[in-house]
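Student: I am new to this structure and would like a close look at one part of it. Please take the backbone in the loops and keep it plain.

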Amino acid sequence: MKKQAKGIIALSAVLAAMLGGGLAYMKLAPSDTGSSRGGESSSSSPTLLATEARGQGTVLVSDNGETGTVKSVTVKNSSGELNVIMQSAPDTENGTSAVYNLEGYTDLDVDTAMVGTLANNANGMQAASLVAEGCTDLEKYGLASPEAEVEMTYESGTKVKFFIGDTAPSGSDITYVMVDDGKNDVYTVNTSTIANYSSDYKYFIGKTVLEKPSDDDMPEVQSLRIEREDMDSDILIKYDRDKSDSHAGGTTSPHKLVEPTESYLAIEKAQDIISGMFGLSASDIYAVHCTDADIAEAGLDKPFCKVTMECDDGKSHVLLLGKIFADEDGKKCAYGMLEGGKVIYILSADSAKWLTVTPADISSKIMIASYVWNITDLSVISGDEHINFGISLKEGTELPDSPKSEDFTVIKDGKKFDSERYRLFYSFLISANAEEFATDAPVPSGEPAVSVSLKDSQMGKTIKYDFYDDTFMRSLIVIDGESKFYCTKSYVDTLKENIKRISTGEDYITTW
C-alpha cells in the first residue's frame, strides 16, 4: 500500500483529479427560462465545466523527445532493487519487440512479458496534469521519500530518472510523479501505468510449478505414487494398458489404483490427481534460489507429502509438499517445490490435492469393469445353480465398431442361448457397487453366497468374484482370493434371484 499524501491538496489539483486530469473552474449559469410555482424565478446555480488540464499530455520520459529503445532499467523501492536488462533486441523487420529479463534471475522462469512493462510502460509516459510547478513541499505528494525511484537507460545512452509518490486522495486512479530534471515539477499519471514499479522481484517470477505441455506433446503418466506422513501405505496409480482398447468398457480411466488395494478409478475424480502436476499454479512465491536453510524452514527437507510422477517420455517429476497451514487471510496453503528445483512456492490446499486425497476419493464404485463382448467364458454358482456361458463372435462376422447382441453366439451349458438375454443378465451383474474398501477383512472359510468367474479376452485373464454374507446389511466381495470391497447385501440377494431366472425366461429384477 502506498502512504497517504500529507497536508491538504490545493483545490485546483483535487478538481483536476476528479475530472480525469481536466482543469476545472466554476461558472454561474442561469437557470432555465420560466418561473417556479408561485411565480418566483429560480436562482442561478453553479455548473462545473472542464477544459484541458495544465500539463496534460506532457511527455515525462523519453529519449530526448523520442520514444527510443530502452536498454536497461533500475528500480528501487521498499522491497529492494530490480535491474531490468534487455535479453533480445527488437527486430523491426520481423515486427518483434525487445524482450527484457531480470538480472540475477535469468535461470528461473521469469515472466518476461511482465518484466517488459518496467521498460515499456514509462517510455513515452504522458502526464494527466501538472499539479505543482517548482514544488518546495515534496512531502505533500509523497515525493520526499518516494515509493519508487526509476532510472531508464536508452540504447543511445540517454538516462532519465523519475520518482513515484503517493496516490492522489481523490478516488481517481492517479499517482504523483516527478522527473529528476532539477525543476521539481509534480505531475499526475495514471496509476496503472506505474503500478509495477512498486513490486518486488517475486511478482515477476512465473508461478507455474510445472509447465503443461501442449496437447500434442502431452506425455502419458505411467505411474503416480503419493507418499504421505498420515498414511500407513502409499497410494500408487498405474497406467492400465487393458483399458486402452476401444471396447474395454467399464470405467473410462486408463489408469488403475494398485496400492493400497486394486480398484478402478473414477476419471472425473482422479484426473487432477494423476496429471494435475502439469500446469499446477502457485498463489505466491516463498523463496527463489532457495538454500538448504530455506528448504528446512519450509519443512521440505522432510516433506509431509511426496508425489512422484513417471511419464512415458522417460521423465520423472517429484513434487515435495509441506503441511497445510493458514495464511494471514485464513486460507489453507502449503509450501511446495519440485525436487532439485530453485523455487519454493505457496500453493492453495485446493490445488495441491495430493495433501488430502484418499483412495476412496478417486476410486470408481464399478467392481466388474470388463466389457460385455470381451467376455468369452462366464460361470455363476449360487447354491444348487451352476451355469456356464460361452460367448463368441458369429462365424464369418468381423467385430464391428459398435457390437450388438446379434453379432454374437452365446452357448449356455452346451446349448444355444438368447444373446440379448445374456447381455441383460451381464448388465445387472456389473451394476454391483463397491461401496467400501475391505482390504483388512479376513477371507471367510465357508462357501460364498454367489461365485462369478469370467474370462476377459482383452485382459487375457480369468477373474473370480466371491460374494460372502458379512452382516445383515452388507456382503463381502473377495476377488481372486483377496478381500477387496463391501457391497449392500440386497444386491447379492437380488443376484441370487436373477441367477434362478436365467433359465425360466422371467424378467430380471433391476432394482434392489
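Student: Is Asp-480 buried, partly exposed or exposed, and what is its relative accessibility?

Tutor: This is a predicted model, and Asp-480 counts as partly exposed in it, at 49% relative accessibility. That value falls between the cut-offs, since buried means under 20% and exposed means over 50%. Asp-480 sits in the loop that links strand 28 (474–479) to strand 29 (482–488). Its backbone also deserves a look: phi of Asp-480 is positive, near 50°, and the residue is not a glycine. Most residues other than glycine have a negative phi.

Asp-413, which is not a glycine either, has a positive phi of about 50°. Asp-413 is found in the loop between strand 23 (408–412) and strand 24 (415–417). With a relative accessible area of 40%, Asp-413 is partly exposed.

A further loop holds a feature of the peptide bond. Most peptide bonds are trans. The bond joining Glu-259 and Pro-260 is cis, with omega at about 5°. Pro-260 belongs to the loop between strand 13 (255–259) and strand 14 (263–264).

Of its 512 residues, 44% are buried. Among contacts with a separation of 6 or more, 59% are between residues 24 or more positions apart. The accessible surface of the protein chain is about 26400 Å², and carbon and sulfur atoms account for 46% of it.

Technical notes:
Residues numbered from 1 in each chain as written. Predicted model: local features only at pLDDT ≥ 70, side-chain atom pairs only at ≥ 80, totals over all residues. Heavy atoms only, no water. Buried < 20%, exposed > 50% of the residue type's maximum accessible area, 1.4 Å probe, protein only. Contact = heavy atoms within 4.5 Å. Areas by Shrake-Rupley, 256 points an atom, 1.4 Å probe, with all protein chains shown as cover. Helix = DSSP H or I, 4+ residues; strand = E, 2+ residues; numbered from the N terminus.
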